[in-house]
Amino acid sequence: MSTSAVRRSDGRPGALWAAPALVYFALFAVVPMALVVVLSFCRWNGLGTPSFAGTRNWSRLFDDPQLGQSLRLSVLLTTVTWAVQTLICLPLGVWCAGHQRGRAVLSTLFFVPLLMSSAAVALLFSALLDPNFGLAHTIGPWLGIDDGNFIGDPDFALWTVMAVVSWQFVPFHTLLYQAAARQVPVQLYEAATIDGAGRPRQFFSVTLPQLRNTVVTSSVLMLVGSLTYFDIVLILTNGGPGTSTRILPLHMYQTGFSSFDMGYASVLALILLIAGTTLSLLVVRVTGFRRMASQREGL
């Protein structure tokens, strides 16, 4: 690899730096997506050879009574978990970046959920939320649910799932905000202190503007991740009671692996792909992320 290929004359990294990522993306994203597109025009139960079905799978979208509800539940879960996680992670990440006494110990405890797999989290909360012997049996009456059956009540099941999902991913996004908050130049806080700004004013006038890139990055990860999230829902409620927690990714999974209708499940997967990509581009567009200049000196 020549030096000119790696580094251009203006000091910016050459295109070859992106080659490993592009190869990885092509093998594990572009090729599978292309296969899903092909499969969406086929009839296949997971065994044997797929047969061409034309646009039959796509036309079924208009006759699927579950699709509208699943999409609405997915949007609700995505919106609520994004709002809850952002409101918790941003101030918590800024606090973890400080020098308070006991911060290191508490920060370690905050990050424990990040070390657990989604299956472990779902099994843990299945035990805690069991209305017979779980913690829910005790705290349920305090919250107005006399039998403590949070995940068995159609009015509370989805909100319970939102709380569990938010609990699992708060540490990850807190870590992002903590790392970003530590990069804010201390001179800005010194200047704000000289100007008489208190802690709240420093947060809104110095910290928050400096974290705008991280806010956008974290929001995109939360929104796209929540839109495609389903494993905790699968283990915790399996879409129930009834269809009250059957979000779109779970609807796709059950269509493909319970009903063995891989063709229509591929259509639902593509709907999720389009929705996630559109949402990501919309966030970037609305926040003006494309116009943000690099903060690296000279780039």
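Leaving aside neighbours within four places in sequence, S166 is in contact with T81, V84 and Q85, where contact means heavy atoms within 4.5 Å. S166 sits in helix α8 and counts as buried because its relative accessibility is 6%; buried means under 20% relative accessible area, exposed over 50% and partly exposed in between, with a 1.4 Å probe and protein chains only. This is a predicted model, in which local features need pLDDT of at least 70, side-chain atom pairs count only at pLDDT 80 or more, and totals for chains, interfaces and linings use all residues. Residues are numbered from 1 along each chain as its sequence is written, and side-chain values use heavy atoms, with hydrogens and water left out.

**The chain as a whole**

- The protein chain has 14 helices and two strands; these are DSSP runs numbered from the N terminus, with helices (H or I) of at least four residues and strands (E) of at least two.
- Of its 299 residues, 37% count as buried.
- Taken along the principal axes, the C-alpha atoms fill a box of roughly 65 × 65 × 30 Å.
- Among contacts between residues at least 6 apart in sequence, 64% join residues at least 24 apart.

- UniProt, in an unreviewed entry, places the feature "domain: ABC transmembrane type-1" at residues 71–283; its positions are given in the numbering used here, feature names are shortened, and annotations may be inferred rather than shown by experiment.
- Over residues 71–283 the chain is 70% helix and 0% strand, with 19 Å between the end C-alpha atoms.
- For "transmembrane region", the unreviewed UniProt entry lists residues 21–41, 73–97, 109–129, 156–177, 220–242 and 262–284.
- Residues 73–97 are 96% helix and 0% strand, and their end C-alpha atoms lie 35 Å apart.
- Residues 109–129 are 62% helix and 0% strand, with end C-alpha atoms 22 Å apart.

**The largest pocket**

- The largest pocket holds about 540 Å³ of space.
- Of the 16 residues that line this pocket, the closest to its centre are V94, A97, G98, Y189 and R199.
- Here is how a pocket is found: on a 1 Å grid over the protein atoms alone, a cavity is a set of points where a 1.4 Å probe fits but cannot get out, while a pocket is an open set with protein on both sides within 12 Å along at least five of seven lines, and lining residues have an atom within 4 Å of a point.
- Grid points are joined across faces, edges and corners, and the volume is the space filled by probe spheres set on the points.
- Helices α4 (65–96), α9 (186–194) and α10 (199–210) each supply at least two lining residues, and the largest share, five residues, comes from α10.
- The lining has nine nonpolar, five polar and two charged residues; Ala, Val, Leu, Ile, Met, Phe, Trp, Tyr, Cys and Pro count as nonpolar, Asp, Glu, Lys and Arg as charged, and the others, Gly among them, as polar.
- V94 lies in helix α4 and counts as partly exposed because its relative accessibility is 22%.
- Not counting residues up to four places away in sequence, V94 touches A181, F203, T207 and L211.
- V94 and T174 are 80 residues apart along the chain, and their C-alpha atoms are separated by 8.3 Å.

**Helix α11 and its partners**

- Helix α11 (residues 212–227) has 16 residues and reaches 22 Å from its first C-alpha to its last, close to the 22 Å expected at 1.5 Å a residue; the expected span is 1.5 Å times one less than the number of residues.
- Its buried residues include T214, V216, S218 and M222.
- The buried residues of α11 pack against α4, α8 (157–181), α13 (248–257) and α14 (262–287).

**Two more places to look**

- S266 lies in helix α14 and is buried because its relative accessible area is 6%.
- Residues touched by S266, not counting those up to four places away in sequence, are V36, L39 and S40.
- L115 is in the loop between α5 (103–110) and α6 (118–128) and counts as exposed because its relative accessibility is 75%.

**Backbone points to notice**

- Most residues other than glycine have a negative phi, and most peptide bonds are trans.
- G240 and P241 are joined by a cis peptide bond, with omega about -5°.
- P241 is found in the loop between α12 (231–236) and α13.
- N238 lies in the loop between α12 and α13 and has a positive phi of about 55° although it is not a glycine.
- F260, in the loop between α13 and α14, has a positive phi of about 55° and is not a glycine.
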